[in-house]
Amino acid sequence: MPHIEATPAPAVVGPATRRATRPTSKLPQSLIDSAQISAKEPFNASKHLNYQPPSKIYTMKEIGLEGQGISANAVTAPFQLFTEEAIKQMRAEIFSKPVLEECQYMSDFVKNTIRGMGPARAPFICDAWHSPEVLSKISEVAGIDLIPVMDYEIAAINISINDETVTIMDNKSDDDLPAFAWHRDSYPFVCVTMLSDCTGMTGGETALKTASGDVMKVRGPAMGTAVVMQRRYIEHQALKAVGGRERISMVTSFRARSPLVRDETVLTGVRPISNLSELYTQYTEYRLEVLEERIRDRLKQERKRDQAKRPFDIDDVKGFLTEQIQFLESMVEELVE
Ligand SMILES: [Fe+2]
């Protein structure tokens, strides 16, 4: 039974349900100016990828969650992923005029976030995350073949600035929520890539709750490095980062490449900070594609079975149909006004 929708992950808890407002607080002009570059380049894996394997990959078993989630791997130590030049190209796209005008959001919980840049406004970033070389490295450390959930979630940028105008207390993002905010994310896997120099910064770790209730801290990424984590299935919170001038992290969300792997994506955490029409369009498209592939796969199996003169298996077919009903019911629940 390759795809099981029967045991949904616990609901996403925590912040997420409040309304977002656009536009958000103004970013310092110096930050925008410093991100400008003289020449934009297309993404080129041989030039922009600088992968070094993580020193450690924690397994679900190690944190007491064996058998849960879609992979045996839980979370990686920070590992080098992109070159400095790649980070410059990414920052130039993030702090470009169309992105700042159209993709900046804030909510009660996210002071400054940039989402839904898409391939027209952020071709380098989108190409990077669709590149087979990058995906193969991410899949390697995740322990399962992954692809971005959808273009809308290819890069959510969380920005914290520590200067006179923005106090630390204001800098709440998904990555530095207060201590009570244990939660699970909306998407199966995420990769958090650090786009700023964290020299002089302390904190910024991710705290994980193990099955026994113990808290385990995992080091956060530094400039150019990334952390991959199965955040839909592990209760976690990001600890506050203190010191340093700025903290700019990019969160990329992934799902299994195989449509036969269960997909328990919810939109709870992202609805308040998204263009709902774009989010729902892409969510509906990929979920229907998954269903389409599952039905094709099932048809093939059924035809093969019949040709082999094996009898119809009522329980098996009913099991498949029930899973797909739950898959569709979950979509009905997620598409809210
Ligand atoms: Fe999270």
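This is a predicted model: local features need pLDDT of at least 70, side-chain atom pairs count only at pLDDT 80 or more; totals for chains, interfaces and linings use all residues.
**H6 against H7**

I started at the spot where Ala128, Trp129 and His130 of H6 meet Pro132, Val134, Leu135 and Ile138 of H7. Contact here means heavy atoms within 4.5 Å. Residues are numbered from 1 along each chain as its sequence is written, and side-chain values use heavy atoms, with hydrogens and water left out.

H6 covers residues 123-130 and H7 covers residues 132-142. I take helices (H or I, at least four residues) and strands (E, at least two) as DSSP runs, numbered from the N terminus. The two helices pack at about 55°, with their axes 5 Å apart. Axes are lines fitted to C-alpha atoms, for helices over the stretch in contact, and the angles run from 0 to 180 degrees between N-to-C directions. H6 and H7 are therefore oblique to each other; under 35 degrees would count as roughly parallel, over 145 as roughly antiparallel, 65 to 115 as roughly perpendicular, and the rest is oblique.

I sorted the H6 and H7 contact by class and got 6 nonpolar residues, 1 polar and no charged ones. The classes: Ala, Val, Leu, Ile, Met, Phe, Trp, Tyr, Cys and Pro are nonpolar, Asp, Glu, Lys and Arg are charged, and the others, Gly among them, are polar.

Next I looked up H3, residues 84-94, which is mostly covered, with 8 of its 11 residues buried. Buried is under 20% relative accessible area, exposed is over 50%, and partly exposed is in between (1.4 Å probe, protein chains only). The buried ones are Ala86, Ile87, Gln89, Met90, Arg91, Ala92, Glu93 and Ile94.

H3 packs on H6 at about 130°, axes 8 Å apart. That makes this pair oblique too. Ala86, Gln89, Met90, Glu93 and Ile94 make the contact from H3, and Pro123, Phe124, Ile125 and Ala128 make it from H6. By class I get 7 nonpolar, 1 polar and 1 charged.

**H8 against H9**

How do the axes of H8 and H9 cross? They cross at roughly 175° and come within 11 Å, with H9 spanning residues 314-334. That makes H8 roughly antiparallel to H9. The contact list has Tyr280, Leu288, Leu291 and Arg298 among the H8 residues, and Val317, Phe320, Phe327 and Met331 among those of H9.

I then picked out Arg298, which sits in H8 (residues 276-307). Is Arg298 buried or exposed? Buried, with a relative accessible area of 10%. Leaving aside neighbours within four places in sequence, Arg298 touches Asp316, Val317 and Phe320.

**Nonpolar cores**

I went through the cores, each a set of buried Ala, Val, Leu, Ile, Met, Phe, Trp, Tyr and Cys residues joined through side-chain atoms within 4.5 Å. The largest has 62 residues, and Phe95, Met117, Ile125, Trp129 and Ile138 are among those with the most contacts inside it. Phe95 touches residues including Leu27, Leu31, Ile159 and Ile248, not counting those up to four places away in sequence. A second, separate core has 16 residues, including Val149, Tyr286, Val290 and Phe327.

**The iron site**

Which residues coordinate the iron ion? His183 (NE2), Asp185 (OD) and His236 (NE2) do, at 2.2 Å. Donors are N, O and S atoms within 2.8 Å of the metal (3.2 Å for Na, K and Ca), and water is not among the atoms, so sites may look incomplete. Along the chain the donors follow H-x1-D-x50-H. His183 counts as buried at 3% relative accessibility, and His236 does at 1%.

**A loop residue and totals**

Glu62 lies in the loop between S1 (57-59) and S2 (73-76). At 44% relative accessibility, Glu62 counts as partly exposed. Neighbours within four places aside, Glu62 is in contact with Lys56 and Ile57.

For the record, I noted 9 helices and 15 strands. Of the 337 residues, 53% count as buried.
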